Amino acid sequence: MKRLFLAIMLTASAAAYATDVTTSAAGTLQSVLDAEPSTVTTLSVSGPINASDLHFIAALPSITTLDLSKASIVEETNSRLATNHSAYKADQLPAYILAGGKFSTVILPASLVEIGDGALMSTAITSVTIPASVKKIGRGALADCRNLKQLTVPSTVTVAGSHMCDGDVALSAVTFGPGEVPAYAFRGCTSLSGFEGSPAVIGDYAFAGCTALKAFTFPAGLASTGTGAFYNTGLYTADLGACRKLNTLGDYMFAHCAALTSVRLPEGLKTIGEGAFFADDALKALNIPSTVTSLDDFSLKGTRALDSSTGLLSDGVNSIGRYGMAGMESLKSVMIPDALASIDDYGMAGMQSLQSIDARRATEVPATGTAVWDGVDGSKVNLYVNPSMENSFLAAGQWNEFNIVSAGIEQIEADAAGTAPSINLAIQGTDLVISADTAIGSAAVFDITGVRLMEAAGTGSASLTLSLGDLTPQVLILTVTAGGNAETFKIAR
């Protein structure tokens with residue numbers, strides 16, 4: 001029985017070994033290790049080490065914890081290791097040197113300046129401490145670390161390579177000090193729900209596929225966003241209103257964000273990139289600043305829940321790209337900016353609910369590409385134009401497929417001549433101003449089917465103002481009573 005107990009103890013001892021090692025010279029770690037390499041599970045190293053020592057550590061089959069906080073990495077040359085390099089700088093964790101290791105915990109040297117490309121790629125780390133001395137993190141340095149849960153990148157890091165944490169599916173919280181989030185930095189980090197940082201630049205696909213990322217604070221200093229920066233994320237809202245340094249919204253920046261319901265963009269923004277909101281099915285609120293001059297191809301394609309054009313096309317927009325507003329199935333009305341010069345191929349295709357287009361501010365007929373309103377029944381859409389532009393729109397292909405209505409006011413019914421007071425109407429912006437030579441009793445507005453849209457009682461004055469701003473452009477019927485008589489007008493606006 002005693003022999004069996006002793007055998008079990010010896011086996012357990014051989015299976016797990018924690019050791020502290022102090023080196024006096026780099027390249028000697030293997031020789032001073034006082035344990036069988038295959039049994040080492042925890043290793044703490046003090047003193048100088050080089051790439052050869054790190055290569056030896058990476059090959060330890062049972063190691064789970066590595067503490068290099070008291071070690072210093074010295075230069076090594078003329079030593080071609082598995083990474084196929086032959087020169088290794090001091091204070092640098094060499095490229096791919098620990099890649100694929102079984103470490104769950106790594107503490108890096110306090111004097112470390114650089115983490116090389118892929119240095120910790122595909123390791124089993126759940127935590128890693130990046131010292132404040134680090135200034136550069138290489139490409140894919142922590143990529144495919146599928147057990148890493150939290151990460152702090154100090155502000156001392158001035159250069160961070162692309163794909164830094166690409167594919168770290170367990171990573172849930174990041175504190176990020178550098179001013180630039182590199183391209184593909186957190187792509188596919190499906191558990192990432194918290195990010196703290198104030199970057200000025202967010203690179204291509206930096207957060208693409210972060211489906212657990214429901215909220216993100218866009219810092220005031222944000223000046224540049226790359227292609228697909230938040231592609232297929234879980235964002236509910238995106239408030240960029242404070243980002244006044246941002247000139248261009250990157251291509252496909254918020255594309256395929258299935259939960260995104262509202263977006264606020266900053267004044268000063270000039271361009272909304274290609275596919276910026278592509279296939280955002282839930283998006284219902286979006287403002288486009290007055291400084292925006294173009295909607296690129298596919299910018300709003302498939303935003304089928306957007307049902308209001310208010311704030312959608314600012315006066316400065318001069319072009320709408322291919323499929324730029326295609327598939328906006330809920331949109332009932334569109335206001336054409338006075339600066340709009342062209343709508344490219346299929347620019348407004350698939351607007352199944354479209355009822356009216358307000359082109360009253362247009363001084364020229366915008367050029368149209370192929371099948372701009374493909375899938376839209378023009379006979380069911382009213383196109384409201386300025387009287388001086390009516391003939392031009394009637395002569396323009398595609399535009400003349402709509403019911404063209406020239407804005408104006410027409411009296412259609414009045415009491416007998418000589419008995420009715422004189423009633424005058426004027427449209428001032430979105431207001432309808434009614435005046436008469438006697439006190440106005442009431443006014444009511446109807447649509448052409450007879451549905452009452454609004455009404456107002458007089459105040460004893462000979463004038464009354466109705467605000468029509470909440471009504472879509474359409475033909476209205478107005479009934480006014482004054483002096484005991486009534487007059488009816490048709491208003492196209």
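Is D297 buried or exposed? In this predicted model, D297 has a relative accessibility of 18% and therefore counts as buried, since the limit for a buried residue is under 20% relative accessible area.

The side chain of D297 meets that of R322 in a salt bridge, with 3.1 Å from N to O. R322, at 32% relative accessibility, counts as partly exposed. Side chains of opposite charge can pair when their charged atoms come close.

The structure holds nine salt bridges. Another of them joins the side chains of D281 and R304, at 3.7 Å from N to O. D281 sits in the loop between β21 (271–272) and β22 (285–286), while R304 sits in the loop between β23 (294–295) and β24 (319–320); the contact therefore ties together parts that are 23 residues apart in sequence. D281 is partly exposed, with a relative accessibility of 40%, and R304 is likewise partly exposed, with a relative accessible area of 39%.

A further salt bridge is formed by the side chains of D358 and R360, with an N to O distance of 2.9 Å. D358 has a relative accessibility of 4% and counts as buried. R360, at 24%, counts as partly exposed.

Four strands form an open sheet in the order β25-β27-β29-β30, and their pairing is parallel. At its edges are β25 and β30 (403–406), each of which pairs on one side only. Neighbouring strands of the sheet are turned against each other by 20° on average, with direction ignored. At one end of the strand order, β29 (residues 382–385) pairs with β30 in the parallel sense over four bridges. Within this pairing, L383 has I404 of β30 as its bridge partner.

Which strand gives the largest share of the lining of the largest pocket? That share, three residues, comes from β25. The largest pocket has a volume of about 460 Å³. It is lined by 22 residues, of which T310, M335, G469, L471 and P473 are the closest to its centre. By class, its lining divides into six nonpolar, nine polar and seven charged residues. Rolling a probe the size of a water molecule over the atoms shows where empty space is left.

The second largest pocket has a volume of about 160 Å³. Its lining consists of K332, Q355, S356, K380, N382, Y384, T472, P473 and Q474. Two of these residues are nonpolar, five are polar and two are charged.

Note on methods
Residues numbered from 1 in each chain as written. Predicted model: local features only at pLDDT ≥ 70, side-chain atom pairs only at ≥ 80, totals over all residues. Heavy atoms only, no water. Salt bridge = Lys/Arg side-chain N within 4 Å of Asp/Glu carboxyl O. Helix = DSSP H or I, 4+ residues; strand = E, 2+ residues; numbered from the N terminus. Buried < 20%, exposed > 50% of the residue type's maximum accessible area, 1.4 Å probe, protein only. 1 Å grid on protein atoms, 1.4 Å probe; cavity = no way out; pocket = protein on both sides within 12 Å on 5 of 7 lines; lining within 4 Å. Points joined across faces, edges and corners; volume = space filled by probe spheres on them. Nonpolar A, V, L, I, M, F, W, Y, C, P; charged D, E, K, R; others polar. Pairing = 2+ DSSP bridges. Axes fitted to C-alpha atoms, helices over the stretch in contact; angles between N-to-C directions.
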